[in-house]
Amino acid sequence: MKHTNPPPQPAVPQPGQVPPPPKPRNRRLRLFLAMAAGILALLCLGGVGVFISFYDEATKIERTAPDAVVDSFLRAYLVNRNDEEAALFTCKSGADLTQIDAFRTDIQSREQRFSIGIRVDWTSLTVREEGGKTTVSTDVRRIIADGSERTTDSWQFAMVDQDGWRVCGATPIP
């Protein structure tokens, strides 16, 4: 048989005797935890600020060069087929995009009619400035997804500098 000692009983003060003061709480530990939490919060806020800055820079719309704007416009309009994204690269008013719209509609109708996918890409972009007007030209290629057929059309894009370059017209070059 094991013999166990009973747990020690807290000292009961005798009448007229002052009870011992309670153990002081560890103030240093609390101070250290509060400082660590504050530093962690500042680091998190700083990280959020850096993330927002990088995100803003990565999603910034560049309109500083006419050829880069046409490249972005073609990607948005013909590849992604996203009118809202394409509108970021077009004139604020008075843009004549009826011919490029007909070109895209023709691609979509061929895809539906023949149950095929058509990819669109383009060659290098050439910037010309004549008589105060800036144009960008390129060859736009339509390629059937399986590679069986490819057509190329030359296009010219009229550009205007309105708070950065914007596409104001698109016409095929005969």
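Helices (H or I, at least four residues) and strands (E, at least two) are DSSP runs, numbered from the N terminus. The structure described here is a predicted model, in which local features need pLDDT of at least 70 and side-chain atom pairs count only at pLDDT 80 or more, while totals for chains, interfaces and linings use all residues. Residues are numbered from 1 along each chain as its sequence is written, and side-chain values use heavy atoms, with hydrogens and water left out.

**Disulfide**

- A disulfide is a pair of cysteine sulfur atoms within 2.5 Å, and by this rule the count comes to 1.
- Cys91 and Cys168 form the disulfide, with an S to S distance of 1.2 Å.
- The pair links distant parts of the chain, 77 residues apart: Cys91 lies in the loop between helix H3 (83–87) and helix H4 (98–114), and Cys168 lies in strand S5 (residues 165–172).
- The link of Cys91 and Cys168 is left-handed, with -40° about the S-S bond.
- Both Cys91 and Cys168 are buried, a term that means under 20% relative accessible area, against over 50% for exposed and partly exposed in between (1.4 Å probe, protein chains only).
- Cys44 is partly exposed, at a relative accessible area of 47%.

**Nonpolar core**

- A nonpolar core is a set of buried Ala, Val, Leu, Ile, Met, Phe, Trp, Tyr and Cys residues joined through side-chain atoms within 4.5 Å.
- The largest such core has 24 residues, and Phe73, Leu78, Ile100, Phe157, Met159 and Val167 have the most contacts inside it.
- At least two residues of this core come from each of helix H2 (66–79), H4, strand S1 (118–122), strand S3 (133–144), strand S4 (150–161) and S5.
- H2 gives the most to this core, with 7 residues.
- Beyond its neighbours within four places in sequence, Phe157 is in contact (heavy atoms within 4.5 Å) with residues including Val70, Phe73, Leu74, Ile100 and Val167.

**Thr151**

- Thr151 is found in strand S4 and is partly exposed, with a relative accessible area of 27%.
- Not counting residues up to four places away in sequence, Thr151 touches Val140, Arg141 and Arg142.
- The C-alpha atoms of Thr151 and Arg141 are 5.6 Å apart, and the two residues are 10 residues apart in sequence.

**Arg104**

- Arg104 is placed in helix H4 and counts as buried, at 9% relative accessibility.
- The side chains of Arg104 and Asp83 are joined by a polar contact of 2.8 Å.
- A polar contact is a pair of N or O atoms within 3.5 Å; within protein, one must be able to donate a hydrogen and the other to accept it, and residues adjacent in sequence count only if both atoms are side-chain atoms.
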